Amino acid sequence: MFDRLTIRIFTIFLLTIAFFLALIVLLPSLDSRNLTYLSNREKESGNILANQIEQEFTHIPKDSFRWWMRFIVVMDNYQKPGQFLFILTPNDQFITADTKNIDLVKNFSEISHNIADPAKKIYDSQEIIGPFLINYANDQYRLYVLQPSSDAQSQFVNLIFDHPLLLLTLMMLISSPFLLWLSWSIAKPARRLKQAADEVAKGNLQQWPELETIGSSEYKATGASFNHMLRELKRMQELQQRLFSDISHELRTPLTRLQLAVSLLRRKQGESNEVNRINNEAIKLDAMIGDLLSLSRQQYKNNEVREYKQINLLFKQVLENAAFEAEQIGKTFSIAKTLPDVGILCYPIALCSAVENVIRNAFRYSHHQIIVSFTVQQADIIITIDDDGPGVADNELQQIFRPFYRTSEARDRESGGTGLGLSIASNAITRDNGTIKAEKSHLGGLRIVIVLPIQKQKH
């Protein structure tokens with residue numbers, strides 16, 4: 001039952017409250033400086049002392065000269081080392097040789113004045129006991145004894161009892177391990193669940209069996225549901241991949257026949273606008289099927305191994321190819337900054353293909369100019385690709401990375417785009433723990449911003 005989180009929280013909370021209530025009720029009685037009544041043995045010892053002094057007082061006439069001085073002499077004879085005796089007269093006057101502690105005894109006599117039930121109270125390292133009855137000249141006198149305390153508590157304990165806030169702080173420190181254990185038992189499986197969710201967000205659909213064994217029963221049930229969800233997601237991905245492959249292969253067969261029929265039609269009837277249109281659409285459909293298969297393989301079948309690569313070496317060939325292509329089509333391609341000498345952990349072929357797709361997309365829609373920039377910012381490398389083309393509306397900047405999303409049918413038709421290039425690039429960059437987004441460019445067109453985490457090479 002204690003394995004359930006609700007029972008665990010309730011139990012710890014209840015025990016903590018009960019612990020504090022018990023301290024509030026019991027602690028005042030644990031202070032040894034409180035007024036306590038004497039045991040029978042202590043009471044008997046005090047009465048014996050009082051009787052002995054009373055016998056001596058019978059030899060002192062009431063009206064004799066300085067009779068109270070003779071009282072002091074008798075008291076000195078009966079008090080033990082470190083002990084002082086005080087006698088309270090019926091007129092509430094104290095007779096004693098120890099005048100420096102008379103205020104303590106006065107304070108004690110106000111709270112303990114019942115002869116039939118004498119008490120004891122500790123003051124620092126001393127204790128006062130009494131009163132004990134002494135009969136003298138038909139009057140009742142009370143005897144108090146000041147002596148070293150037999151069970152004086154330490155100054156630290158006194159400090160705690162005298163300062164409630166300090167006592168509360170101490171009790172909180174005592175209960176902290178239990179509360180920390182409760183917090184840890186709640187937080188540990190939550191952290192593991194978050195770690196698993198982060199991995200799933202990155203596309204890693206491996207199961208986490210330990211989620212079903214750590215934490216309370218609620219966390220274990222959540223872990224089991226989480227793993228069940230992962231199994232279903234993986235099954236759906238496999239079904240989707242199979243569907244993509246089957247559809248693509250099924251489409252390729254009639255598409256090949258269509259292209260063959262176009263070739264035969266050209267031989268028989270020659271060139272015509274209708275034949276050219278059919279051929280162009282067939283080529284476009286073939287490219288779309290190829291891109292769709294590429295996206296499917298990239299998402300669900302990744303045989304490429306992640307490697308540590310230097311930025312300046314990884315994209316060197318991509319940038320050289322882009323510069324050559326720009327020269328052929330009469331556009332200006334430039335690199336704003338020198339490639340930094342930093343490394344990243346990536347799938348190199350897929351990442352280079354992604355950056356190349358973005359650059360080709362800029363070539364397709366730019367008027368004259370494309371600028372690529374590499375900037376190191378803290379622990380990231382930021383790659384920006386700017387063009388001076390028509391750009392994209394603000395409300396479509398986040399949509400252009402969706403598969404088959406088209407901002408303008410006419411433009412896409414004219415450029416020959418399939419609507420999958422940026423989606424493929426986005427998927428490849430996400431797999432490398434990076435991000436990609438679109439912004440307005442200072443050149444007037446579109447800016448694509450790619451952020452990749454920098455990694456230090458492990459030796």
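Author: Strand 2 (residues 84–88) and strand 3 pair in the antiparallel sense, and 2 bridges link them. Strands are DSSP runs of E of at least two residues, helices runs of H or I of at least four, both numbered from the N terminus; two strands pair if DSSP finds at least two bridges between them. This is a predicted model: local features need pLDDT of at least 70, side-chain atom pairs count only at pLDDT 80 or more, and totals for chains, interfaces and linings use all residues. Residues are numbered from 1 along each chain as its sequence is written, and side-chain values use heavy atoms, without hydrogens and water.

Leu 88 has Phe 94, in strand 3, as its bridge partner. Helix 4 (residues 102–111) packs on the sheet. It touches strand 2, strand 3, strand 4 (119–123), strand 5 (126–136) and strand 6 (139–148), where contact means heavy atoms within 4.5 Å. The direction of helix 4 makes about 140° with that of strand 4; such angles run from 0 to 180 degrees between N-to-C directions, with axes fitted to C-alpha atoms, for helices over the stretch in contact.

The sheet as a whole is open and holds 6 strands in the order 1-4-5-6-2-3, with antiparallel pairing. At its edges stand strand 1 (36–37) and strand 3 (94–95). Each of these two has a single partner strand, so one side of each is left without a neighbour in the sheet.

A pair of helices can be described next. Helix 2 (residues 40–57) and helix 3 (residues 67–78) have axes that come within 10 Å and cross at roughly 140°. On the helix 2 side, the residues that meet helix 3 are Leu 49, Gln 52, Ile 53, Glu 56 and Phe 57. On the helix 3 side, they meet Phe 71, Val 74 and Tyr 78.

Another open sheet has 5 strands in the order 8-10-11-13-12, and its pairing is mixed. From one strand to the next, the twist averages 15°. Within this sheet, strand 10 (residues 369–377) and strand 11 (residues 380–387) run antiparallel and are joined by 8 bridges. Val 372 has Ile 385, in strand 11, as its bridge partner.

Ser 366 lies in the loop between helix 11 (348–365) and strand 10. With a relative accessible area of 6%, Ser 366 is buried (buried is under 20%, exposed over 50%, partly exposed in between, with a 1.4 Å probe and protein chains only). Neighbours within four places in sequence aside, Ser 366 is in contact with Lys 331, Asp 387, Asp 388 and Gly 389.

The cysteines come next. The count of disulfides (pairs of cysteine sulfur atoms within 2.5 Å) is 0. Cys 346 is in no disulfide, and its nearest cysteine sulfur, in Cys 352, is 7.0 Å away. Seen from Cys 352, the closest cysteine sulfur is that of Cys 346, and 7.0 Å is too far for a bond. Cys 346 is buried, at a relative accessible area of 0%, and Cys 352 is buried too, at 15%.

Some totals remain. The chain has 13 helices and 13 strands, and 37% of its 459 residues are buried. Of the contacts between residues at least 6 apart in sequence, 63% join residues at least 24 apart.
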